[in-house]
Amino acid sequence: MATKPKRPGPLALIEGPQTLGKGRKFWLPFAFVLLAACLYPQFADGYDVGNNVYFFNWAFMAMGLSLIWGYGGALSFGQTAFFGVAGYTYGIISINFGDAYGLTLFALLASVAVSALLAAILGYFLFFGRISGVFLGIVTLSVTLVLERFMSQTAGPEWRVGTARLNGFNGMGGMPSLTIPWPGGDIALFPDVPLYYVTLALLVVVYLALRMLVNSRFGNVLVAIRENPQRAEMLGYDIRRYQLAAFVIGSALAGLSGVLYTSWGNYITPASMGMTAASLPIVWVAVGGRADLTTTLLGTLLVLAGFQALTIYGSQYALVVMGLLLVLTVLIAPNGLVYGLGTLLSGRLRRRVREREAV
């Protein structure tokens, strides 16, 4: 009697065909980089450490876009819409209820859930309405800009939810930072070392969880839909459900970025959903390599660091350089500059190993 093949366990899915890197040659450098990141606050000023959390905050949105666009093949300009919705929701809940008894953690979960719900509603009409390709990008960008314009016009005193004023284009401020209940006294996660470690741990967990997701059956089907949606549908898969699920997960991660950013800076404005903000995640993910989570993460952190340096020392050139970087990526390395470099180095390494074995 034939036995059913065993499905690989969750940990086995950390490595697979949909992600670069496996074995000791990948995980040892990964552990070294993680160790360096953990030791960094011990040798740096607390203020600088807190400021560097800014880079981690955006990485969740980038990985979510990688899932939607890189793995699912659906280009979305709506990530900053979910970022802004979650950020404003966090501000409204936390200002009205305060930070005692872990209510900021409830505000975080509720805000991410709101962004996921909005994505589910929008995604249902998009994917079940058979909207795809460039039209998907147009619709998601339109939704983002409509939300940005609406929030910019909420400056009057009548635009309030409880005690939380929306403040129009001036933005909402005064919301408390994330606070963890603790027996000896609540721990407020101001932009400092504790927030750095919490955000770093969350980033590693989300990264590993997404690796397991894309290497699972769900990820394999999602890539099949990206490559040939008609063939995937002929094989019996409801491609709309898979696309919708990826869209909701990716948008929830954008919402998580919005909450972490709002809590980090105690401030959010409609500009976070503007045209410039909506286009930048596309640059990060494209430069890194949208079809792989690792290159997306590395590319996002590198481009963000470069963009911040340009903003400080030559702000008039920052957006121009970002545009040129995107054009060069499309012309030279359509799969991503970091992705191309990684595959080139891994190819050379494999050739050397084969040459040694032949000798």
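# Burial, ring pairs and salt bridges

At 67% relative accessibility, leucine 331 counts as exposed (buried is under 20% relative accessible area, exposed over 50%, partly exposed in between; 1.4 Å probe, protein chains only). Leucine 331 belongs to helix 11 (helices are DSSP runs of H or I, at least four residues, numbered from the N terminus). The model is predicted: local features need pLDDT of at least 70, side-chain atom pairs 80 or more, while totals for chains, interfaces and linings use all residues. Residues are numbered from 1 along each chain, and side-chain values use heavy atoms, without hydrogens and water.

**Domains**

- The assignment gives domain 1 as residues 42–272 and domain 2 as residues 274–358 (bounds come from an automatic or database domain assignment).
- The centres of domain 1 and domain 2, taken over C-alpha atoms, are 22 Å apart.
- Across the boundary, 30 residues of domain 1 are in contact with 22 residues of domain 2 (contact means heavy atoms within 4.5 Å).

**A buried threonine**

- Threonine 80 sits in helix 3, which spans residues 79–97.
- Threonine 80 has a relative accessible area of 1%, so this residue is buried.
- Leaving aside residues up to four places away in sequence, threonine 80 touches Met61, Thr144, Ser272, Met273, Ala277, Ala278 and Pro281.

**Aromatic pairs**

- The whole structure holds 23 aromatic pairs (ring centres of Phe, Tyr and Trp, its six-membered ring, within 6.5 Å; planes under 30 degrees apart are stacked, over 60 edge-to-face, the rest tilted).
- Tyrosine 40 lies in the loop between helix 1 (24–39) and helix 2 (46–71), and tyrosine 196 in helix 6 (residues 193–214), so the pair ties together parts 156 residues apart in sequence.
- Tyrosine 40 is partly exposed at 28% relative accessibility, whereas tyrosine 196 is buried at 3%.
- Phenylalanine 150 and tryptophan 159 have ring centres 5.5 Å apart and planes at 90°, so this pair is edge-to-face.
- Phenylalanine 150 is partly exposed at 40% relative accessibility, and tryptophan 159 is partly exposed at 32%.
- One aromatic cluster is made up of Tyr54, Phe55, Trp58, Phe83, Tyr261, Trp264 and Trp284.

**Salt bridges**

- A search of the whole structure returns four salt bridges (a side-chain nitrogen of Lys or Arg within 4 Å of a carboxyl oxygen of Asp or Glu).
- Arginine 130 pairs with glutamate 233, and their closest N and O atoms are 3.0 Å apart.
- Arginine 130 lies in the loop between helix 4 (103–127) and helix 5 (134–152), and glutamate 233 in helix 8 (residues 229–234), so the bridge ties together parts 103 residues apart in sequence.
- Arginine 130 is partly exposed, with a relative accessible area of 47%, and glutamate 233 is partly exposed at 33%.
- Glutamate 227 forms a salt bridge with arginine 226, with the closest N and O atoms 2.7 Å apart.
- Arginine 226 is partly exposed, with a relative accessible area of 29%.
- Aspartate 238 forms a salt bridge with arginine 240, where the closest N and O atoms are 3.2 Å apart.
- Aspartate 238 is partly exposed at 25% relative accessibility, and arginine 240 is partly exposed at 23%.

Conventions:
Helix = DSSP H or I, 4+ residues; strand = E, 2+ residues; numbered from the N terminus.
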